Structure formats: structure tokens, C-alpha cells
Amino acid sequence: MKDAISKLKTEFNTRLLYWNNLKSNKVKALLILLFLAVVGLKIFTTIFTVDWLASLFNA
């Protein structure tokens, strides 16, 4: 468990260091937009998968 937490902290610190080293605001905006798009796509596909699954069992 301690090893997993240590790996998670290391990964977080690596990502934070990468983010802090980015100088371009355009790249930061692009990464934020990409992150939001991936999260939105995941939510969108999950909703339709659950609706499809529910309609399959109701039929």
C-alpha cells in the first residue's frame, strides 16, 4: 500500500513539474481542453451505454 501511494505521489509530482515548466499559455489551454474533451467523451459514452443496456433488458 505504501509503495502504491509512493508511486502515486511520484507520478503527481512529475505531472506538476511538467505543468509548471510549460511556458506557453496556448499549450496549457490546449491540454485543459483536451482533458475536458476526454472526460466529456467518457461521460457521454457511459450514458449511452447504460441507456442501451437498460433498453436491452426492458425489451
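Trainee: How many residues apart are K7 and D3 in helix 1?
Mentor: K7 and D3 lie four residues apart in helix 1, so about one helical turn separates them. A helix here is a DSSP run of H or I with at least four residues, numbered from the N terminus. Please note that this is a predicted model, in which local features need pLDDT of at least 70 and side-chain atom pairs count only at pLDDT 80 or more, while totals for chains, interfaces and linings use all residues. Residues are numbered from 1 along each chain as its sequence is written, and side-chain values use heavy atoms, with hydrogens and water left out.

Trainee: And what does K7 form with D3?
Mentor: The two residues form a salt bridge (a side-chain nitrogen of Lys or Arg within 4 Å of a carboxyl oxygen of Asp or Glu). For K7 and D3, the closest N and O atoms are 3.9 Å apart.

Trainee: Why can such side chains pair at all?
Mentor: Opposite charges can pair when the charged atoms of the side chains come close.

Trainee: Is K7 buried or exposed?
Mentor: K7 is exposed, because its relative accessibility is 55%. The classes are buried under 20% relative accessible area, exposed over 50% and partly exposed in between, using a 1.4 Å probe and protein chains only.

Trainee: How many salt bridges does the structure hold?
Mentor: There are two. Besides the pair of K7 and D3, R15 forms a salt bridge with E11, where the closest N and O atoms are 2.7 Å apart.

Trainee: Where do R15 and E11 sit relative to one another?
Mentor: They belong to helix 1 and are four residues apart, which means a separation of about one helical turn. R15 is exposed at 57% relative accessibility, whereas E11 is partly exposed at 38%.

Trainee: Changing topic: which residues form the nonpolar patch on the surface?
Mentor: The members are Y18, W19, V27, L31, I32, L34, F35, L36, V38, V39, I43 and I47, and together they have about 1100 Å² of accessible area. A patch joins residues with over 30% relative accessible area and no salt bridge; nonpolar side chains (Val, Leu, Ile, Met, Phe, Trp, Tyr) are joined within 5 Å, like charges within 9 Å. The areas come from the Shrake-Rupley method with a 1.4 Å probe, and for residues only the protein chains shown count as cover.

Trainee: What about F35, buried or exposed?
Mentor: F35 is located in helix 2. Its relative accessible area is 55%, so F35 is exposed.

Trainee: Where is L31 found, and how accessible is L31?
Mentor: L31 also belongs to helix 2, and at 31% relative accessibility L31 counts as partly exposed.

Trainee: What separates the C-alpha atoms of L31 and W19?
Mentor: These C-alpha atoms are 9.7 Å apart, and the two residues are twelve residues apart along the chain. Both L31 and W19 are among the members of the nonpolar patch.

How values were computed:
Helices (H or I, at least four residues) and strands (E, at least two) are DSSP runs, numbered from the N terminus.
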